[in-house]
Structure formats: C-alpha cells, structure tokens
Amino acid sequence: MDRSRDPVMRKSDWNAWAAGSRDVEVKRLEQELAESRARKIRARHEAAQTRDRFELLLEASRRFTRTLSDRRRQQQTSRQYLVVQHAIDGVLAEADSIEDAARGVLKTLGENLGWQVAALWVPSGETLRCIEVWHRPDVAPEGFAEACRRTSFMRGEGLPGRAWAENRPVWTGDPPRDERFVEETISSKRRLRGALAFRITGGGEPRGVIELLGSNVLHSDNELLYTAGLIGGRLGQFANRRRDEERLRLATEAGRVGLLDWDVLADERRGTGAMAEIYGYPPGECYPSSYEEFLERVHPDDRGRVRST
C-alpha cells in the first residue's frame, strides 16, 4: 500500500518544493530589482548633487571673473581720472586766466573721459553765460557754439543753473531740452542722453560751471563725482591765485614796489619792472647773476640785514 502511494507522494513533495523554490526565486528577483531601482535612484540623486555642485562652482567662477573684470575696469577708470587731473594741471600751468585755460580744460575733459560736448559757463550778475565750447567734429552742427554763447541760465535753471544753485555735481540721463537743442539738431541727431555739470568754486565763491554732454546714459558714479569736485576745486584755486596775482601786480605798480623772487638753488630769478628800475638795471635786462653781485646793488647800511635774512 505504501509502496503504491510513494510516487504520488514524491510528486507532491516535488511540486511543493518547486513552488517554494519558485517563491524564493521570485522574492530574490524582486529584491534584486528593488536594490537596482534603489541604486538607480541614488545614482540620479548623486548626479543631481554633482550637477548642483558644478553649477555652484561655475557661478562662483563667473562671479570671480566679473569681480576681477570690475576691479580691473575700476583701476583703469581711476588711472584715467588721474591722467585727466594731471593733464588739467599742465594746462593751468601755462595759462594766465580761466578764460585762457578754458579751451584746453574742456578739450582734456572731453577727449579723455569720452564726452561729446563740453562748455564753460561763468556768472554774470544773476545769470550764467557760456564763454567757451568744445565739441567733437562730427557731433555739433554749424552754429552750435554760437547758440551756446547766446544762451543764459538763471540760478536753478537748466543743468548748469542747477549745479550753480545746488553747489554740487548734477547729472541726468535725459536729453537736453533748452533752447540750444532745437528739433533736428544736436540732441535729436546725435542722441545726447547723458549730462553732467559741476561748479568751479574757490574760496566759497562760484567761479563758473562746467557742463559735459555725452551719448551714454549717465549712472551715479561716486568716483566720477569726486573727480569732478576735485577738478572744480583746482580750477577755483587757479582762478583765485591768478586774481590775487593780478591784484598784487596792480598794487605794486601803483606803489612802485619792486618784487624779486630768487631761487638760489635752481638759479632762477623773477622780478617786476619796478625792481629792475630800483636796482639800476635797464628794462628787460637779466637780474643779478650771483648773490655777490646782488649785494653790490644793496646800500652798504642794509647789507648786514640782507645777509642775515
């Protein structure tokens, strides 16, 4: 009896074992599939993190490059502003008055700082009048300089008048709209959109206003405004110095007072005509060639005091 049932039992046992093995294999495959999916998700996550880190590094590199470029541009601009100041000092050294220096100063500002038009306005009573205009050859139409000289501004009127009234540099990004810029002339044809005006101040007194016009919209630039203030101060000091020198010249001529400026180390001598007359030199003749020759021209009673000074 048992022997006749053994094959059936063995088959049943086999089927049970096969079913159990199949379940185990399915579970193993499912686990491997789950692990594969997990690895894939981790790989995607790691790839996303790597991409994010790369983006951060790339953005940091871009910021560094922009910062470096901005710093180089700022250094270049600072050097340019210094060059302008030195150039203006050179113009003033050879000039006798603001009017004499005006053309060179305006040209220096325009050519070195990229402006298309530059004008100098000076006070005349309660108004500002233009005494000098510089512009690039291809910018202003014929008769523009004369139009500027015919124009006047009250205090607070127009850009020059605002700089005069507010005692500070004034800038704007709007096209000029005063009577100099009528339709189809410089403002519309050349698209002058940026303007800056700053005062020339010496001893607290306004000596004039410089107006600069350009084709670029002007944004607030602290270094440019600071440079404009320095230039305005230097021009004001120059105007005061020339005014004082002229007053001294008139006073010495009226009082027949002689002045001698002698740099002994550099052997440079400058004197007035009255000084030459006092010491017995013909007009236009050179002053003493040596200190001893100078002492010979001094009265004997005064030589001791001259030597001690």
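What separates Arg162 and Glu166 in helix H4 (residues 158-166)? The answer is about one helical turn, because the two residues are four apart in that helix. They form a salt bridge, with the closest N and O atoms 3.7 Å apart. A salt bridge here is a side-chain nitrogen of Lys or Arg within 4 Å of a carboxyl oxygen of Asp or Glu. Arg162 is partly exposed, at 31% relative accessible area. Glu166 is also partly exposed, at 36%. Buried means under 20% relative accessible area, exposed means over 50%, and partly exposed lies in between (1.4 Å probe, protein chains only).

This is a predicted model: local features need pLDDT of at least 70, side-chain atom pairs count only at pLDDT 80 or more, and totals for chains, interfaces and linings use all residues. Residues are numbered from 1 along each chain as its sequence is written, and side-chain values use heavy atoms, with hydrogens and water left out.

Start with the whole chain. The secondary structure comes to nine helices and eight strands. Helices (H or I, at least four residues) and strands (E, at least two) are DSSP runs, numbered from the N terminus. The chain has 309 residues, and 29% of them are buried. Its accessible surface comes to about 20400 Å². Carbon and sulfur atoms account for 51% of that surface. The areas come from the Shrake-Rupley method with a 1.4 Å probe; for residues, only the protein chains shown count as cover. Contact means heavy atoms within 4.5 Å. Among contacts between residues at least 6 apart in sequence, 53% join residues at least 24 apart.

Now the sheet. Six strands form an open sheet in the order S3-S2-S1-S6-S5-S4, and the pairing is antiparallel. S3 and S4 are the edge strands, each pairing on one side only. The twist averages 25 degrees from one strand to the next. Two strands pair if DSSP finds at least two bridges between them. Strands of a sheet pair through backbone hydrogen bonds, either parallel or antiparallel.

Follow the strand pairs. S1 and S2 run antiparallel and are joined by eight bridges. Ala119 has Val133 in S2 as its bridge partner. Two residues lie between these strands in the hairpin, where Gly125 takes a positive phi near 70 degrees. S2 then pairs with S3 in the antiparallel sense, over three bridges. Thr127 stands opposite Met154 in S3. Arg129 stands opposite Ser152, also in S3.

Two helices pack on this sheet. H4 touches S1, S2, S3, S4, S5 and S6, and its direction makes about 40 degrees with that of S5. H6 touches S4, S5 and S6, at about 35 degrees to the direction of S5. Axes are lines fitted to C-alpha atoms, for helices over the stretch in contact, and angles run from 0 to 180 degrees between N-to-C directions.

Look again at H4. Leu159, Pro160, Gly161, Ala163 and Trp164 are buried in this helix. The buried residues of H4 pack against strands S1 (117-124), S2 (127-135), S3 (152-154), S4 (170-172), S5 (194-202) and S6 (205-214). Asn167 follows the helix, with a positive phi near 55 degrees.

Gln85 is found in H1 (residues 2-93). It is buried, with a relative accessible area of 7%. Arg234 also meets Asp89, in a salt bridge whose closest N and O atoms are 2.7 Å apart. Asp89 lies in H1 and Arg234 in H6 (residues 222-255), so the pair ties together parts that are 145 residues apart in sequence. Asp89 counts as partly exposed, at 30% relative accessibility. Arg234 is partly exposed, with a relative accessible area of 30%.

The structure holds nine salt bridges. Glu59, Arg63 and Arg66 are linked in a network of them. Asp302 pairs with Arg305 in a salt bridge, the closest N and O atoms being 2.2 Å apart. These two are three residues apart in helix H9 (residues 300-308), so about one helical turn separates them. Asp302 is partly exposed, with a relative accessible area of 29%. Arg305 counts as exposed, at 54% relative accessibility.
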